[in-house]
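Subject: Handing over the structure

Hi,

Here is the structure I promised to pass on. Have a look at it first, and then read on for what turned up.

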Amino acid sequence: MQTYLACFDISDDKQRRKISRRLEHFGLRVQYSVFEVSIKNDIELEQLKEELQQWVDTFDDIRFYHLCSSCRDKSHRIGEKPIAEFPLAVVI
C-alpha cells in the first residue's frame with residue numbers, strides 16, 4: 001500500500017466534482033482540492049491516472065506526491081483535521 005497526496009487545479013466545476021468523487025474512493029479530502037489517498041500498487045496508480053486524464057483540460061493539473069511512512073511520521077498540521085492513517089479504519 002502506498003500513500004499519496006493528490007492535489008489538483010481543475011478549471012471546470014463539473015470535471016472537478018468528478019475528479020473529487022473518484023479520489024474519495026481512495027482516501028480522505030483534507031482540503032478543497034487536496035486528498036490523502038491510499039493506492040495498492042503502481043498498476044492501480046497508473047489506472048487511476050488514466051481514468052482521471054479524461055477530465056483534465058489543457059491547462060488543468062493533477063499531481064500525486066508520494067508520502068513514505070517516515071515522511072508521514074514527520075508531517076505536521078495546524079487545525080482539527082488529523083493526518084490520515086492508512087489503511088483507513090472502518091467506523092460502524
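One term before anything else: contact (or touching) means heavy atoms within 4.5 Å. With that in hand, Asp-9 touches Asp-60 and Asp-61, not counting residues up to four places away in sequence.

Some housekeeping. This is a predicted model, where local features need pLDDT of at least 70 and side-chain atom pairs count only at pLDDT 80 or more, while totals for chains, interfaces and linings use all residues. Residues are numbered from 1 along each chain as its sequence is written, and side-chain values use heavy atoms, with hydrogens and water left out.

Overall layout

The protein has 3 helices and 4 strands. Helices (H or I, at least four residues) and strands (E, at least two) are DSSP runs, numbered from the N terminus. Going along the sequence, the pattern reads β-α-β-β-α-β-α. Of the 92 residues, 37% are buried; buried means under 20% relative accessible area, exposed means over 50%, and partly exposed is in between (1.4 Å probe, protein chains only). If you take the contacts between residues at least 6 apart in sequence, 66% of them join residues at least 24 apart.

Two helices side by side

How do H1 and H2 run relative to each other? Helix H1 covers residues 13–24 and helix H2 covers residues 42–53; their axes come within 10 Å and cross at roughly 160 degrees. Here axes are lines fitted to C-alpha atoms, for helices over the stretch in contact, and angles run from 0 to 180 degrees between N-to-C directions. Angles under 35 degrees count as roughly parallel, over 145 as roughly antiparallel, 65 to 115 as roughly perpendicular and the rest as oblique. H1 and H2 are therefore roughly antiparallel to each other.

On the H1 side, Ile-19, Arg-22 and Leu-23 meet Leu-48, Glu-51 and Leu-52 of H2. The residues of this contact between H1 and H2 come out as 4 nonpolar, no polar and 2 charged.

Aromatic pairs

How many aromatic pairs does a search of the whole structure find? There are 2. Rings of Phe, Tyr and Trp (its six-membered ring) pair if their centres lie within 6.5 Å; planes under 30 degrees apart count as stacked, over 60 as edge-to-face and the rest as tilted.

Take Tyr-4 and Phe-64: their ring centres are 6.4 Å apart and their planes sit at 85 degrees, so this pair is edge-to-face. The pair links distant parts of the chain, with Tyr-4 in strand E1 (residues 2–9) and Phe-64 in strand E4 (residues 61–66), 60 residues apart. Tyr-4 is buried, at a relative accessible area of 8%.

Then there are Phe-8 and Phe-35, a stacked pair with 6.1 Å centre to centre and 20 degrees between the planes. Phe-8 is in strand E1 and Phe-35 in strand E3 (residues 34–39), so the pair ties together parts that are 27 residues apart in sequence. Both Phe-8 and Phe-35 are buried.

Is Ala-6 buried or exposed? Ala-6, which lies in strand E1, is buried, with a relative accessible area of 0%. Leaving out residues up to four places away in sequence, Ala-6 touches Leu-23, Ser-33, Val-34, Phe-35, Val-37, Arg-63 and Phe-64.

Thr-3 is also found in strand E1 and is buried, at 9% relative accessible area. Its C-alpha atom is 9.7 Å from that of Phe-26, a residue 23 places away along the chain.

Back to Asp-9, which has its place in strand E1 and counts as exposed at 54% relative accessibility. Setting aside neighbours within four places in sequence, Asp-61 is in contact with Cys-7, Phe-8, Asp-9 and Ile-10. The C-alpha atoms of Asp-61 and Phe-8 are separated by 5.5 Å, although the two are 53 residues apart along the chain.

Over to you!

Technical notes
Ala, Val, Leu, Ile, Met, Phe, Trp, Tyr, Cys and Pro count as nonpolar, Asp, Glu, Lys and Arg as charged, and the others, Gly among them, as polar.
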